[in-house]
Amino acid sequence: MLAFTSQAEDLRYKDQGQLHDIQQQINAKRIENDIRKLVNFGTRHTLSDTKSDTRGIGAARRWIKSEFDNISKACGGCLKVYFQSQTIQGEKRIPDATEVISVIAVQTGSTDPNRYVMMSGDIDSRISDVMNFTDDSPGANDNASGVAGTLEAARILSQYKFNGSIVYAALAGEEQGLFGGKILAETAQKEGWRLKAVLNNDMIGNIAGINGVINNTTARIFAEGTRYTETDAEARNRRYTGGEVDSPSRNLARYIDLMADRYIPNLNTMVVYRLDRFGRGGHHRPFNDLGYPGVRIMETNEHYDRQHQDLRVENGVTYGDTIDGVNFDYAAKLTALNAVSLAGMAWAPSPPAKVTIKGAVQPSTTLSWAALDKKQNKQLAGYKIYWRYTDAPQWQYSKFVGNVTKYTLENVVIDNYFFGVASISEEGFESPVVFPGAAGAFGE
């Protein structure tokens, strides 16, 4: 027994019935119907037909917008739905002038509308030749599954009102260079969004890996370490104070991991300490590039014969990303993980800002942070300090310290642990944990 555990609460939390309700409402059949609809457009390649009503990227994005419009109509106009467009040209994979058009739906928060959390999926698909925009490219798992999950999350969460805003994004141009994400990330920066979390869903429907493993009980959360925007001065400070494994993206991933443990039956998530799969990328990266917290949520066991492949059979092996490779119940499980995580963060107060720590050559550790805006965070009850051993992957100990902006953990030596602070609502909803200093900051 550790000497200080009498003042700690381990990882106690208040179980939230509304999050269980949200999890139970996610519907695998609706997700299946949406995936089948997207597959039936034949190809959703960024350079494909935009005029047809039945085939190509144009028909697909118009249908996605119509679905968001229907969702908004059902909740009394609670979503702002729009196309976000920019013309791209002169790129290796988009040589000629092409409109890259994403579909965005925003559910505005009631007390803190400029604080955002986001769920995204990718509209476009591809086969072996990344420039082949005419042949069939079903893209059932990559990434109709992510778009269908985003639509389903919007259907359920739009029935509730949140303090912060939620963005549901069907992003375009991923296979051609992450362009939809770049456009939206730059817009968020230009418009001053306080974007606290990007949950990028890219392939959430496959349970049968090319390694022969069949598993519907695990998922991966990819999260980069040191943030890309770190300055030289911040790097020098981090060398002496830590933070390599406590970027906001990593602590966002830890938050989602705990949500899986608490609210998603029969799902264990693996937090992967890497931006994405080895040498590969996804649509969360443009947000990470600008310093926003963002992760990739996806299946654990990939089947490479079903990714970026021409539809064919060779030597008895079937290639192609077709509908029969998607497990809809599993896609629903990962969609539910997104939904409860978004809801938990949107109901919680904003993550603490300006978190600092002191305690060098002292027997105790003191953390300080800025008081949250009372109008934006009317639901605030106070703050909780977390700490863990430096080699522990998840937070181990916590203590609710009330509505204060400074607290000392007596006889907890700073050298032996990593620390962080979360904000807590009166109903018990918590923000992600914020590691002290620039390395862990979620922004203002």
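Trainee: How many cavities of 30 Å³ or more does the structure hold?
Mentor: Seven. This is a predicted model, where local features need pLDDT of at least 70 and side-chain atom pairs count only at pLDDT 80 or more, while totals for chains, interfaces and linings use all residues. Residues are numbered from 1 along each chain as its sequence is written, and side-chain values use heavy atoms, with hydrogens and water left out.

Trainee: What counts as a cavity?
Mentor: On a 1 Å grid over the protein atoms alone, a cavity is a set of points where a 1.4 Å probe fits but cannot get out. Grid points are joined across faces, edges and corners, and the volume is the space filled by probe spheres set on the points.

Trainee: What volume does the largest cavity have?
Mentor: About 220 Å³. It has 20 lining residues, and the closest to its centre are Tyr-255, Leu-258, Arg-262, Glu-430 and Ser-431. Lining residues have an atom within 4 Å of a point.

Trainee: Which helix gives the largest share of that lining?
Mentor: Helix 7 (residues 248-263), with seven residues. Helices here are DSSP runs of H or I with at least four residues, strands are runs of E with at least two, and numbering starts from the N terminus.

Trainee: And by class, what lines the largest cavity?
Mentor: Eleven nonpolar, five polar and four charged residues. Ala, Val, Leu, Ile, Met, Phe, Trp, Tyr, Cys and Pro count as nonpolar, Asp, Glu, Lys and Arg as charged, and the others, Gly among them, as polar.

Trainee: What about the second largest cavity, by class?
Mentor: Its lining has one nonpolar, six polar and three charged residues. The volume of the second largest cavity is about 60 Å³, and its lining includes Asn-141, His-303 and Asp-321.

Trainee: How do strand 3 and strand 5 run?
Mentor: Parallel, joined by six bridges.

Terms used. Two strands pair if DSSP finds at least two bridges between them. On a 1 Å grid over the protein atoms alone, a cavity is a set of points where a 1.4 Å probe fits but cannot get out, and a pocket is an open set with protein on both sides within 12 Å along at least five of seven lines; lining residues have an atom within 4 Å of a point.
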